[in-house]
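Colleague: I have a model open and some questions about it. Can we go through them one by one?
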Amino acid sequence: MPLFAGSYDGASFFELLRHDFPHLLPFQQLHNVPQFATGECRLMETVPLATTVLALRFADGVVIAGDRQATEGFEVSSRRIEKVYKADDYSVIAMAGAAGPCLEMIKLFQVEMEHYHKIEGETLALDGKANKLAQMVKQNLPAAFQGLIVIPIFAGYDLRLQQGRIFKYDVTGGRYEELQFYATGSGGKEARSTLKKFFKAAMSREAALALALEALVDAADVDVGTSGPDLIRGIYPVVKTVTCHGVTDVSEDEIRPLSERLIAALQG
Amino acid sequence: MAVPFYVSPDQIMQDKAEYARKGIAKGRSIVAVEYAEGLLLMAENPSASLNKISEIYDRIAFAGVGKYSEFENLRKAGIRYADLKGYSYSRQDVTTKSLANAYSETIGTIFTRDPKPLEVEILVVEVGETPSQNEMYHVSFDGTITDRRQFAVIGGQADRIRTYLQEHYRTDLSLAEALALSRRSLLAGYERPPVEESALEVGLLERGRVGRKFYRMTQTEAARAIRPLTMDHEHL
């Protein structure tokens, strides 16, 4: 059939690629490359890495944020990379790890959500989305052994439970729900300390935004791979919220004054 | 050795076409109408879950009449085609023209090769950035593809509905006007108007919408938007 050459007949775009077009999957087939088998080449030092991303719950849903730097060994590979994306109307995804596979997996995940919606005429439950992402991360395990690690944070508004929810993952595709907050990437530990210290249940949106930025500033302060708000070039972290009204980008006009205040506090 | 009966290709094609037409004539028609802010697709459909109108991609929608399982398969294949192309190239590269051509080829091949033709007629429509960039393609059971403007009709009562629209369509309709016109044109398809109006399935491609342009009106929304208008018209 010129319309569609494959034979897969389900509602998942990810399974469709696996079944009929495996060459389009983001996962690298590294076991065929002899340099990796012998450990001669270490990818971690030669590909851009996306670093700190975090998410925390507040009264109306979830705030998710990420810094803008990609690092390549000891070099800054990009100052403007984005690591936080809208997945569908009620969920967001952020990634840390090897930038290339991360971005490709986000794109695949976005298409997966949309494809399922169009084929089935309904959207997946938030748990269903979180599980699907776990299966994708699991597929990346062989590449993760070679250093191409991909670690997402997935968050969304559960319309059934009427609350924001956060999921974290490990390289094997393990999926765990976090009830308060989570941060990952090279500055993740530092960001988590800040979040742990100042997190309160049912915070206001403003308090949650300020805390997310503070955690990123603290991460950038210690971790060389993470950039804080760049006041000179005007580059600020990407922040989004998910509530019962859907996904909203937090505008730069709102982030700029918050960032300036935090930086001023560092000068102290 | 038994000699197979000779049947002329003419006869085979005629028989197949007649078979397909009969199947399609059983279903109610669907209209697509261009209005100022987008494109509207309307079908009479008592079922709220078995859809005849569907989203394919950012600006593209699909409508099918005839045998449900057959146009449902075509619909899914179209979504797979579009998503695969958008994923491996870019979202702008998914064009209605190429999708409609792929449909035409597929349906045409089945018509000539398979013993049973598809009993379907489909519409593939796209809302453009400006009204002049709108696209509407009609693909019939034998794969014939036609390019339409302003409005398009498929299904058993297409001729009568088309005549009605030719007389009453005008450009730059508002959404409310387009809904009313579509409703009246579907009613014009009946020889005798039905006692009870059937539920309507309405899909919109709204130019002003951010991202994916397709919006499915719920049956209540559609009924509420249309009823007062058709009543007004009856009073006139």
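Modeller: Start with a term: buried area is the accessible area, taken with a 1.4 Å probe, that two parts lose on being put together, summed over both. This is a predicted model, in which local features need pLDDT of at least 70 and side-chain atom pairs count only at pLDDT 80 or more, while totals for chains, interfaces and linings use all residues. Residues are numbered from 1 along each chain as its sequence is written, chains are lettered from A and ligands numbered from 1 in the order in which they are written, and side-chain values use heavy atoms, with hydrogens and water left out.

Colleague: OK, what area is buried between chain A and chain B?
Modeller: About 2,100 Å², and carbon and sulfur atoms give 63% of that. On chain A, 35% of the area buried against chain B comes from A:Leu3, A:Lys118 and A:Ile119, more than from any other three residues.

Colleague: How many residues does each chain bring to the contact?
Modeller: Chain A brings 22 residues and chain B brings 23. Contact here means heavy atoms within 4.5 Å.

Colleague: And how many salt bridges are there between chain A and chain B?
Modeller: Three. A salt bridge is a side-chain nitrogen of Lys or Arg within 4 Å of a carboxyl oxygen of Asp or Glu. One of them joins the side chains of B:Arg91 and A:Glu114, at 2.9 Å from N to O.

Colleague: Which helices of chain A supply at least two residues each to that side?
Modeller: Helix H1 (13–20) and helix H3 (99–120). H3(A) gives the most, with nine residues. Helices are DSSP runs of H or I with at least four residues, strands are runs of E with at least two, and both are numbered from the N terminus.

Colleague: Switching to chain B. How many residues of strand E4 are buried?
Modeller: Six of the seven in E4(B), residues 60–66. Buried means under 20% relative accessible area with a 1.4 Å probe, protein chains only.

Colleague: Which strands are joined to E4(B) by bridges?
Modeller: E3(B), residues 53–57, is joined to E4(B) by four bridges, antiparallel. A hairpin of two residues links E3(B) to E4(B). E5(B), residues 120–126, runs antiparallel to E4(B) with seven bridges, and B:Phe62 has B:Val124 as its bridge partner there. Two strands pair if DSSP finds at least two bridges between them.

Colleague: Last one. Why does B:Ser185 count as buried?
Modeller: Because its relative accessibility is 0%. B:Ser185 lies in helix H5 of chain B, residues 175–188. Leaving out residues up to four places away in sequence, B:Ser185 touches B:Val31, B:Ile161, B:Tyr164 and B:Leu165.

Key: Buried means under 20% relative accessible area, exposed over 50%, partly exposed in between (1.4 Å probe, protein chains only).
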